[in-house]
Amino acid sequence: ATPEVVEKEATRVVEKVVTPVPEAGDEGSPKTFVGSYYVTITSIDPHRAVEWSDNTVNPLVYEALVGFGPDGQWQGVLAESWDVSDDGLTWTFHLREGVMFHNGRELTADDVVFNFDRILNEDSGASMRSYFVNKLASYEALDPYTVQFKLNGGAGTFLSELGLSVRTGIVAPEAVTQDNTIIHPIGTGPFEFVWWRPGEEWRARRFDDYWGQVASIDEVVFK
């Protein structure tokens, strides 16, 4: 499947749990979306995730700079807008202000830089490293809400690579351990990670301080 097909399918799942069909019953009772997979979830680290199941649950917790909109076109997610130089090699992204991580800290451009440092680290195991290692000439935080990428080439596929199933999802640096692993994810998505019991259950709860449309259900569970 092309990056666009994979991203559209992941977006469809996110929309399903953020704006679900109302459930019958007691209006005051917690609402939980329960899903199942024929492929076991293998990674709660968006940069290392490769299985379809991983790339469906991770977009509930993490977000990338861009993603697919309802019209099938790329739109800003953590980036509110972006500018591209005439030669297509300099991309300047303007972050949304007031986006909060699940631990209550505001997202800044330094967090974006940290994540791309991690993706490009040769020991990171990041699935998107091969896409960016030769494409990115440099990247830097220009101010707290602006990050700029300079490319060596390949501008035509840059947005799709940035948005592919949140494999470049922004993780709070404090969620990354000294050995470069993620045990308890901290992202900016509509749901906050609760636990993952490999082979049994993945669970997340609604993040009420989400910058976008707050979910109308309380929990998401995949078994």
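Started with Asp208: I find it in a salt bridge with Arg206, the closest N and O atoms being 2.7 Å apart. This is a predicted model, so I am reading computed values throughout.

How exposed are the two partners? Asp208 comes out at 52% relative accessibility; the cut-off for exposed is over 50%, so Asp208 counts as exposed. Arg206 has a relative accessible area of 24% and is partly exposed.

Looked at Arg206 again and found a salt bridge with Asp218, closest N and O atoms 3.2 Å apart. That pair links distant parts of the chain: Arg206 is in strand β9, while Asp218 is in the loop between β9 (201-206) and β10 (219-222), twelve residues apart. Asp218 is partly exposed, at 24% relative accessibility.

Next, the total. I get ten salt bridges in the count.

Then I went to Asp45. Which side chain does Asp45 meet in a salt bridge? The partner is Arg118, at 2.7 Å, N to O.

I checked what else joins in: Asp45, Arg48 and Arg118 are linked in a network of salt bridges. Arg48 is found in the loop between β1 (32-35) and α2 (54-61) and counts as partly exposed at 25% relative accessibility. Leaving aside neighbours within four places in sequence, I see Arg48 in contact with several residues, among them Ser43, Arg118, Asp123, Asn180 and Thr181. I also noted Arg167: its C-alpha is 7.4 Å from that of Arg48, though the two are 119 residues apart in sequence.

Now the rings. My search of the whole structure finds 15 aromatic pairs. For Phe68 and Trp74 the ring centres are 4.2 Å apart and the planes are at 25°, so I logged the pair as stacked. Phe68 is buried, with a relative accessible area of 7%.

Which residues do ring pairs link into a cluster? I wrote down Trp82, Trp91, Phe93, Phe116, Phe132, Tyr139, Phe149 and Phe158.

Last entry, a charge and a ring together: Arg197 lies over the face of Trp195, at 4.0 Å from the ring centre.

Technical notes
Residues numbered from 1 in each chain as written. Predicted model: local features only at pLDDT ≥ 70, side-chain atom pairs only at ≥ 80, totals over all residues. Heavy atoms only, no water. Phe/Tyr/Trp six-rings, centres within 6.5 Å; stacked < 30°, edge-to-face > 60°. Buried < 20%, exposed > 50% of the residue type's maximum accessible area, 1.4 Å probe, protein only. Lys NZ or Arg CZ within 6 Å of the ring centre and 35° of its normal. Helix = DSSP H or I, 4+ residues; strand = E, 2+ residues; numbered from the N terminus. Contact = heavy atoms within 4.5 Å. Salt bridge = Lys/Arg side-chain N within 4 Å of Asp/Glu carboxyl O.
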